Amino acid sequence: MAKAKKLTVFERGRIVELHKQGLSQRAIAAEVGRSETVILHFLKDPQGYGTKKSSGRPKKISPALSRRIRMAVRQDTGRSSSQIKAITGADCSPITIRRHLRRKGFKNKKRLQRPRLL
């Protein structure tokens with residue numbers, strides 16, 4: 001299921017006003033055109049709405065480093081991941097760089113296959 005859009009500033013103000021008037025969450029949801037759950041979460045913490053604490057381990061490769069790595073590969077496709085690490089100044093292992101490139105759609109270098117003589 002896709003994520004819904006966050007409440008606009010206008011919608012937030014409307015919810016607060018309707019809440020002050022004493023309307024129920026169900027009535028507010030019908031008036032604004034949003035789900036009761038969204039109204040509930042917003043009214044619980046209006047200041048903290050839309051902010052989420054990031055969970056999980058932080059990424060080793062930032063978006064800027066990702067661009068530098070991809071640019072280094074495009075300039076010379078024959079570079080090893082160790083060379084790419086040295087060129088870009090990445091603070092991660094060559095394996096992490098290879099994994100990152102694979103996720104971004106870059107394939108491994110294919111070696112020339114020589115025909116076998118029978």
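Is Arg98 buried, partly exposed or exposed? With a relative accessible area of 38%, Arg98 comes out as partly exposed, because that value sits between the 20% limit for buried and the 50% limit for exposed. Keep in mind that this is a predicted model. Here's a quick tour, starting with the whole chain and then going helix by helix.

**The whole chain**

- The protein chain has six helices and zero strands, so reading along the sequence gives you the pattern α-α-α-α-α-α.
- There are 118 residues in the protein chain, and 23% of them count as buried.
- Take the contacts in the protein chain with a separation of 6 or more: 44% of them come from residues 24 or more positions apart.

**The annotated stretch**

- An unreviewed UniProt entry carries the annotation "domain: Transposase IS30-like HTH", and it covers residues 3-41.
- In the model, the span of residues 3-41 is 67% helix and 0% strand.
- The end C-alpha atoms of residues 3-41 lie 15 Å apart.

**Where α1 meets α3**

- Helix α1 takes in residues 9-20 and helix α3 takes in residues 36-44; their axes come within 11 Å and cross at roughly 80°.
- On the α1 side, the contact is made by Arg12, Ile15, Val16 and His19, while α3 brings Ile39, Phe42 and Leu43.
- Sorted by class, the contact of α1 with α3 has five nonpolar residues, one polar and one charged.

**The buried side of α3**

- Val38, Ile39 and Phe42 are buried in α3.
- Those residues cover an arc of only 100° around the axis, so they sit on the same side of α3.
- What do the buried residues of α3 pack against? They pack against α1 and α2, the latter being residues 25-32.

**Two loop residues to look up**

- Ser24 is in the loop between α1 and α2, and at 43% relative accessibility it counts as partly exposed.
- Ser24 and Glu36 are twelve residues apart in sequence, and their C-alpha atoms are 9.7 Å apart in space.
- Tyr49 is in the loop between α3 and α4.
- Why does Tyr49 count as buried? Its relative accessibility is 18%, and buried means under 20%.
- Leaving aside neighbours within four places in sequence, Tyr49 is in contact with Lys6, Leu7, Arg12, Val38 and Phe42. Two of these names have come up already: Phe42 is among the α3 residues in the contact with α1, and Val38 is one of the buried residues of α3.
- Along the chain, Tyr49 and Lys6 are 43 residues apart, yet their C-alpha atoms are separated by 8.9 Å.

**Helix α5**

- Gly89 follows α5, and its phi is positive, near 75°.

**Helix α6, back to Arg98**

- Arg98 is found in helix α6, which takes in residues 94-103.
- Arg98 and Asn108 are ten residues apart in sequence and 8.6 Å apart in space, going from C-alpha to C-alpha.
- The buried residues of α6 are Thr96, Ile97, His100 and Leu101.
- Looking down the axis of α6, you'd see its buried residues fall within an arc of 135°, so they line one face of the helix.
- Not counting residues up to four places away in sequence, His100 touches Ile61 and Ser66.
- Just after α6 comes Gly105, which takes a positive phi of about 100°.

Notes:
Residues are numbered from 1 along each chain as its sequence is written. This is a predicted model: local features need pLDDT of at least 70, side-chain atom pairs count only at pLDDT 80 or more; totals for chains, interfaces and linings use all residues. Side-chain values use heavy atoms; hydrogens and water are left out. Helices (H or I, at least four residues) and strands (E, at least two) are DSSP runs, numbered from the N terminus. Buried means under 20% relative accessible area, exposed over 50%, partly exposed in between (1.4 Å probe, protein chains only). UniProt positions are given in the numbering used here, feature names are shortened, and annotations may be inferred rather than shown by experiment. Contact means heavy atoms within 4.5 Å. The arc is that of the directions from the helix axis to the C-beta atoms. Axes are lines fitted to C-alpha atoms, for helices over the stretch in contact, and angles run from 0 to 180 degrees between N-to-C directions. Ala, Val, Leu, Ile, Met, Phe, Trp, Tyr, Cys and Pro count as nonpolar, Asp, Glu, Lys and Arg as charged, and the others, Gly among them, as polar.
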